[in-house]
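Try each one yourself before reading the solution.

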Amino acid sequence: MARDGVEPDTNTFVELMTAAVRANQPARAFDIYEGMKSHFSHLKPGVFAFTSLINAAIALKNPKLAEKYFAEMEEMGVQPDVFIYSSMLNAHAMVRDVDSCWRVFEQMKAAGTTPFHLSLSLSLSLSLSLSLS
């Protein structure tokens, strides 16, 4: 792109991050994001960029990394949407962290975001499976 005089935009980087996750190379998504921040600092990531990063953290089974990018998103003033919250629920559910799932669910409610039926089912089934074990 650069050779042709075309500068990438935020969507270009989101597509690259998403492709990295889909290609089972989630760590590359973080490299792409950091490259965007350092070489194209005028570009501001939005909710789609952070969805890709959180999904990359999920692919790595690393909810702490998902929390890091969720916090960065909020610091930048990007408002999480239902997809971000659902991804955060998934990040914590995959490591069976019920307390964090409920914390995310409460954040979602406080923000006035209506959860997907699937998000609720995931959290409830995780909670029930842990209480029965």
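**Exercise 1.** In which helix is the place of F50?

Solution. Start with the ground rules. This is a predicted model, in which local features need pLDDT of at least 70, side-chain atom pairs count only at pLDDT 80 or more, and totals for chains, interfaces and linings use all residues. Residues are numbered from 1 along each chain as its sequence is written, and side-chain values use heavy atoms, with hydrogens and water left out. Now for the location: F50 sits in helix α3. Helices here are DSSP runs of H or I with at least four residues, strands are E runs of at least two, and both are numbered from the N terminus. The protein has seven helices and zero strands.

**Exercise 2.** Is F50 buried or exposed, and which residues does F50 contact beyond its neighbours within four places in sequence?

Solution. Take the accessibility: F50 has a relative accessible area of 0%, so it is buried (under 20%; exposed is over 50%, partly exposed in between, with a 1.4 Å probe and protein chains only). Next, list the contacts (heavy atoms within 4.5 Å). Beyond the neighbours within four places, F50 touches Y33, P45, Y69, E72, M73, M76, V78 and I84. For the whole protein, buried residues make up 41% of the 133 residues.

**Exercise 3.** How do α4 and α5 pack, at what angle and with their axes how far apart?

Solution. Begin with the geometry: α4 (residues 63-75) and α5 (residues 82-93) pack at about 155°, with axes 9 Å apart. Axes are lines fitted to C-alpha atoms, for helices over the stretch in contact, and angles run from 0 to 180 degrees between N-to-C directions. α4 is therefore roughly antiparallel to α5 (over 145 degrees; roughly parallel is under 35, roughly perpendicular 65 to 115, the rest oblique). Then find the partners: P63, A66, E67, F70 and M73 of α4 meet I84, Y85, M88, A91 and H92 of α5. Sorted by class, this contact has eight nonpolar, one polar and one charged residues (nonpolar: Ala, Val, Leu, Ile, Met, Phe, Trp, Tyr, Cys and Pro; charged: Asp, Glu, Lys and Arg; polar: the others, Gly among them).

**Exercise 4.** What is the relative direction of α1 and α3?

Solution. The axes of α1 (residues 10-22) and α3 (residues 47-59) come within 9 Å and cross at roughly 20°. α1 and α3 are therefore roughly parallel to each other. The contact is made by V14, M17, T18 and V21 of α1 with F48, A49, S52, L53, N55 and A56 of α3.
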